[in-house]
Amino acid sequence: MAIEEQNKKNKFIDPDLEKREILSPDGEIIKIDPMKDYFCDAKPKVHEPANKVIEKFLNWSRANSLWVLAFGTGCGSIEIPSLMTSRFDANRFGVQMRPTPRQSSVFIISGYLAVKTLKRVIRSYEQMQEPRYVVALGSCTVNGGMYYDSYNTINRLDYYIPVDVYVAGCMPRPEAMLAGFNKLKERIKAGRAEGANEYAEKFDWYKANQKKIIKDWNMPDYNW
Amino acid sequence: MDNIAIKLLFTLLGLFIVLNWGLIQAGIMNKIVARVGKRIGMPVYQPYFNLIKLYSKRTSITHGVMFYLGPLFRLSGGVGMFLFMPLIFGSEYWSNFSFAGDVVLILYFQFFGMLGMALGAGEGGHPYSAIGVSRGLSQWTTIELPLTLAIISIAIQYHSLSFTDIVAAQQGGITHWTMWTNPLATAAGMLAFLGTMGHSPFDLVKAPNEIPIGPPTEYHSTFLGVLRTNAAILHVVESVLFMNLFFGGATSWFELILKTFLIYFWSVFVGVVFPRFRIEQSVSWFLKVPLILGILAIIFI
């Protein structure tokens, strides 16, 4: 079996992604290659901003409506619930949590990123609709922090996805995160938060970096 | 008023006012819910930012034709309800396209949007969408029973299936409202109203933190913008529906805004006090108290 061979090479292929034959409701047998049929692997495109005045207005509304993907990647995610409570109340700044990458515009990488998590982060990041922003928490995302020599975590996040704002600390307190959100707002309003376009421009470089780390790459190059 | 063009113009203007009132109302309610939790909460104008942002997303992906049509069906359900709903009693300009049998049509339109959304969300293919849809449809079936019984009771009481007639019969002071003349139907209807607005304890369909956001899980960008626009319109129109049926309608925009706010606040008030039901609790709850009240309303009319 193909799966067993892959496991021998210390690689894992999701059985759901194997080529297979399926009996359709019409009684017809159809061949399915999930990697091609279930995913669209077209490369991302650069989406030029609209003209200056309109873009300024749109950026103003984007900055005031930051929808954060509720995906805790590391120890810093414990700070996020308290961010929404009455003591810190990030809702004041238009920050809301969304449970699905489709609807969210901000991705918080909260602390260290294990290689396993990086894979999920890339997938979620690519499923978010543009324009999208990344806030990286803690020193782990800057240079690896206390995990700088770990066998299983990445050191610099912006080799893998473009980062808009770093919030330093180990861990940063919710106040620091609020300051980070306000910094992100300034950046968006100034029209400098074009991470999604940067990702599309340097797509090959980012992909090469990602594949260097993720050995068992069993997903399309671009998920949608 | 004979000129259809002027009538259409006023209907569109009414839709614009209702949309804006819906957005501001959503902002105010968010603020109220936040204050209950001792938070400052989002600014009142936050829904506007959200809408502009959603419509100005640069990319969107699709899962097929029904995925496109789902939000459109939902919007046409909301706008359709609006089109046939008389807003202000005694005004030629603000009675939209209401006619002799509009109560039946509006009951139909209430369900229409949900069915369209169910098809669209199904094509999105997310498991949470399917759970949300099945919950929504089963809950809505039980909501409709007390609601329809209450409306039939009112129709028997006033010998009419027209909103204009029902509102006309309630004019002449607070004691003429259905609330006093037919309290059983009002009770059944207002309990059903809690379910139609989808606030806690009946927010099973979107169920935040549980099945993340139910049917719209895959919806994003403009699709979600359309859904949000519809939600703003629908919340006001639902309140206007109950205002016309039970609380004497409105004779001015001020009265309409005040009454719809209070009616919507009823569901928010219950929502901040009670936690979410499970689906079987919700279904069996609607089949107990509200249904019995509805049947009593029919018997003792």
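Begin by selecting B:Ile213, which counts as buried because 24 other C-beta atoms lie within 10 Å of its own, and the cut-off for that class is 20 or more. Bear in mind throughout that this is a predicted model. B:Ile213 sits in the loop that runs between helix H8 (183-197) and H9 of chain B. Leaving out residues up to four places away in sequence, B:Ile213 touches A:Pro99 and A:Thr100 in chain A as well as B:Lys206 and B:Pro208 in chain B.

From here, widen the view to the contact between the chains, to which chain A gives 19 residues and chain B gives 25 residues. On the side of chain A that touches chain B, 4 residues are nonpolar, 10 polar and 5 charged.

Next, select helix H2 of chain B, residues 46-55, where 7 of the 10 residues are buried, so that the helix is mostly covered. Those buried positions are B:Gln46, B:Pro47, B:Phe49, B:Asn50, B:Leu51, B:Lys53 and B:Leu54. What do the buried residues of H2(B) pack against? Their partners are helix H3 (52-63) of chain A, together with helix H1 (4-36) and H9 of chain B.

Now colour chain B as a whole, which holds 12 helices and 0 strands. For its 301 residues a compact globule would have a radius of gyration near 19 Å, and chain B agrees with this, having 19 Å. Along the principal axes, the C-alpha atoms of chain B fill a box of roughly 55 × 50 × 40 Å. Buried residues account for 48% of the chain, and of the contacts in chain B between residues at least 6 apart in sequence, 78% join residues at least 24 apart.

Stay with chain B and select B:Met85, B:Ala150, B:Ala188 and B:Val237, the residues that touch the most other members of the largest nonpolar core, a set of 67 residues. Helix H9 of chain B (residues 221-246) supplies the largest share of this core, namely 15 residues. A separate core of 43 residues lies apart from it, and includes A:Val121, A:Cys140, A:Leu157 and A:Met177. Returning to B:Ala150, and setting aside neighbours within four places in sequence, one finds B:Ala150 in contact with B:Ala185, B:Ala188, B:Gly189, B:Ala192, B:Gly294 and B:Ala297.

Move to chain A, for which the domain assignment gives domain 1 (2-37) and domain 2 (52-213). The centres of these two domains, taken over C-alpha atoms, are separated by 34 Å. Select strands E1 (residues 20-23) and E2 (residues 29-32) of chain A, which pair in the antiparallel sense over 4 bridges; one of the residues involved is A:Leu23, whose bridge partner in E2(A) is A:Ile29. The two strands form a hairpin with 5 residues between them, and in the turn A:Gly27 has a positive phi of about 90°.

For the last stop, select A:Tyr148, in the loop between helix H6 (138-143) and strand E7 (165-167) of chain A. Is A:Tyr148 buried or exposed? A:Tyr148 is exposed, because 11 other C-beta atoms lie within 10 Å and the limit for that class is 12 or fewer. Beyond its neighbours within four places in sequence, A:Tyr148 is in contact with A:Asn143 and A:Asn155, while A:Tyr112, 36 residues apart from A:Tyr148 in sequence, is 9.7 Å apart in space, C-alpha to C-alpha.

Methods. Residues are numbered from 1 along each chain as its sequence is written. Chains are lettered from A and ligands numbered from 1 in the order in which they are written. This is a predicted model: local features need pLDDT of at least 70, side-chain atom pairs count only at pLDDT 80 or more; totals for chains, interfaces and linings use all residues. A nonpolar core is a set of buried Ala, Val, Leu, Ile, Met, Phe, Trp, Tyr and Cys residues joined through C-beta atoms within 7 Å. Two residues are in contact if their C-beta atoms, placed from the backbone, lie within 7 Å. Two strands pair if DSSP finds at least two bridges between them. Ala, Val, Leu, Ile, Met, Phe, Trp, Tyr, Cys and Pro count as nonpolar, Asp, Glu, Lys and Arg as charged, and the others, Gly among them, as polar. Domain bounds come from an automatic or database domain assignment. The radius of gyration is taken over C-alpha atoms; the globule rule is 2.2 Å times the number of residues to the power 0.38.
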